[in-house]
Amino acid sequence: MIDQFEQYLIDVVPFFIGIISSFIILSRMKLFCSSGKFFKTVDDVDEGEGSSCVEIGGVAIFPILLTCLCASLGLPKWLGYDDVSAAAVERSGLRIMQVISGCALLYIVGLKNDIHGTAIKVKLLALFLTACLFPVSRLWIMDLQGLFGIYELPVWIGMPITVCLVMYITEAIVILDDIDGIGAGYVAIIGTIFLGFCIAFNFTLGALVSSALLGVAVPYSILKLFFKGWQKTLLGNAGSYTLGYFVSYLTLSLIQQSGEFMPEGMLMIVVGITFIPFVDVIRIIRNRVREGRAMLTPDRNQMQHRLIRAGINISLTPICIILIVIIFAFINTFWVLKGYNLTILAGIDLALWTALQFSISYAINKHENHLNFHKWNMEYGRDAWEANVPVEVIKRKQQVFGTMGLPKDVILGEETDFIPDGMNSFERNVKRLVDMNISAIMLILTSPLFLLSYMLIKLDDGGPAIYRQVRIGRFGRPFYIYKFRSMRLDAEKFGPALSHAGGDDDPRLTRVGKFLRAHHLDELPQLWNVFCGDMAFIGYRPERKFFIDQIMEHDPRYSFLYQIRPGVTSYATLYNGYTDTMEKMLRRLNYDLYYLEHRSFWFDIKTLWLTFVSIIFGKKF
């Protein structure tokens, strides 16, 4: 038998093997690839064929991990500690083979993608197949340990949840690496905390895997942080998939060991450890989708960039991120060990994360206001500053969306009658959060009305129940607005026409459509537009480009409205009604511009209340 100290030494053997192997091998196996051809340096790419360059820094990670794992399992037996390796292999030999075989498949697919590119269907299929290996080796989420009052999970629920979780974690590491090259850094933080738990609670196999993971993640992170030639290097899919799959294994293993090796409620401890990086991925992707940009387009929206923009020194940013992760891990660990309710803990985690995001946003706004006012005023004019549009956002939005129809002198803030947004960035973020949550609740509560309206429209004329139309929204970006169809299918056979041009007795209205229009039920599908971020509950009513062009011939100030999201209802609708003439359109524009300049939470609440009262009392608008 071995004593506790010797056990600790055995647990960290893979770490030292990985450290030595990584520093020796990683720098020698960093590849530069363009159009399927390899080069020694980036400069050589220009002399070869192809214009794009893929840096593959993680091509050696899977072989190193495999070496560390095999050596760590064999070393105790070689030293005479037969019970350690035998027990580990006998207990989880199938799972070790599963991790190795799954990593091998993902490594091959990832390397193929790094070099030549791989269809998204192939990558998803590989992720699905390798994720399915976990339930095959009897490793899946069998209960929620009291979270939301749920304990035991049926197999037909636990297995799909496990597969989806593994796919998400594995792909999240790829996304974190691709968008900013920080995948290995987060893996190092997570692996360190996992290793501490495995050693503290004598989970030998978990300690060996965590130690091996750290042995490659830490050297790679050090190379990226302190060596100039590595700062722009990416792991590549081959390396990211490998790290992500190992993190998935450790996550599920620690959850399943709850009550055996690990304390009861280990599920929420693991959530606390992984909460920041993996939830941050959702926020990053959501912002990219909302702004209509490619998911992997670089920007300054990641956690570390936001901390830097908030005024934290760049060298202290990694320490801050580590501290944030440790704080969440400590809170969850303390709560679980005390035996408190896990559902309340989940709410605390979400509340803390939301408060953290708002605090960082506030600090960014305050810091950039203090330091960059003079620069913004010189380059973009005071009006652009007062509109609270960041410099890099202005540049990016002009590149992606054009000038949004604004004249050049207005874009540069030289026009004296420029109308800025009345809300600051913090208020806009809160407004968006409220809109998203209320729309989600309303979608659920009004689902019976959705079903009834759908059936009535189908029974009326058999045509499609949902009507979608391209409108122009925030930043001048087109989006699809959704409504229940209230008109005949050939309503615009003679060209674009305003929906209320014919009044309440418009012959284009169907029988059901007339009822839906009268009670504003045709607008219900716009709850989905609000949830997705294309619209807000209160804003200006979005128009088609055909009519916007006509409006801007009379009054180009319409383009100022592109600063904000269009709304399901508006201040102008209350006092101007729906428009069927150019005169009404221009009058509505004045109301909308007034709302733009003076909008606030109380203004929105007032508008929403007056809209509700108007609908109740049957006002036509």
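A salt bridge is a side-chain nitrogen of Lys or Arg within 4 Å of a carboxyl oxygen of Asp or Glu. The legends below use this term for several views.

This is a predicted model, in which local features need pLDDT of at least 70 and side-chain atom pairs count only at pLDDT 80 or more, while totals for chains, interfaces and linings use all residues. Residues are numbered from 1 along each chain as its sequence is written, and side-chain values use heavy atoms, with hydrogens and water left out.

**View 1. The pair Arg517 and Asp522 forms a salt bridge.** The closest N and O atoms of Arg517 and Asp522 are 3.5 Å apart. Both residues are buried. Buried means under 20% relative accessible area, exposed means over 50%, and partly exposed lies in between (1.4 Å probe, protein chains only). Across the whole structure, a search finds ten salt bridges.

**View 2. Asp460 pairs with Arg511 in a salt bridge.** Their closest N and O atoms sit 3.0 Å apart. Asp460 belongs to helix α17 (residues 447-461) and Arg511 to helix α18 (residues 511-518), so the pair ties together parts that are 51 residues apart in sequence. Helices (H or I, at least four residues) and strands (E, at least two) are DSSP runs, numbered from the N terminus. Asp460 is buried, at 19% relative accessible area. Arg511 is exposed, at 68%.

View 3. Arg557 counts as partly exposed, because its relative accessibility is 26%. Asp555 is buried, with a relative accessible area of 13%.

**View 4. Glu543 meets Arg588 through a polar contact.** The two side chains are joined at 3.2 Å. A polar contact is a pair of N or O atoms within 3.5 Å; within protein, one must be able to donate a hydrogen and the other to accept it, and residues adjacent in sequence count only if both atoms are side-chain atoms. Glu543 lies in the loop between β6 (536-539) and α20 (545-554). Glu543 counts as buried, because its relative accessibility is 8%.

**View 5. The largest nonpolar core has 97 residues.** A nonpolar core is a set of buried Ala, Val, Leu, Ile, Met, Phe, Trp, Tyr and Cys residues joined through side-chain atoms within 4.5 Å. Leu243 and Ile276 have the most contacts inside this core. Helix α7 (residues 183-200) gives the most to the core, with twelve residues. Contact means heavy atoms within 4.5 Å. Leaving out residues up to four places away in sequence, Leu243 touches Ile61, Leu65, Ile173, Ala184, Val187, Leu213, Val216 and Leu235. A second, separate core of 34 residues includes Ile481, Leu521, Ile538 and Tyr562. In soluble globular proteins, nonpolar side chains tend to be buried together.

**View 6. Helix α9 (residues 236-256) has 21 residues.** From its first C-alpha to its last, α9 reaches 30 Å, close to the 30 Å expected at 1.5 Å a residue. The expected span of a helix is 1.5 Å times one less than its number of residues. Of the 21 residues in α9, 20 are buried, so the helix is largely enclosed by the rest of the structure.

**View 7. Pro525 lies in the loop between α18 and α19 (526-532).** Pro525 counts as buried, because its relative accessibility is 5%. Not counting residues up to four places away in sequence, Pro525 touches Phe450, Ile466, Tyr482, Lys483 and Phe484. The C-alpha atoms of Pro525 and Phe450 are separated by 8.0 Å, although these residues are 75 residues apart along the chain.

**View 8. Asp604 is found in helix α23 (residues 601-616).** Asp604 is buried, with a relative accessible area of 8%. Not counting residues up to four places away in sequence, Asp604 touches Met423, Lys431, Ile538 and Tyr595.

**View 9. The chain averages a pLDDT of 76.** pLDDT is the predictor's confidence in each residue, from 0 to 100. A score of at least 70 is reached by 74% of the residues. Over residues 81-90 the pLDDT is below 50, and this stretch has 17 contacts in the model beyond near neighbours in sequence. Over residues 376-416 the pLDDT is also below 50, with 63 contacts beyond near neighbours in sequence.
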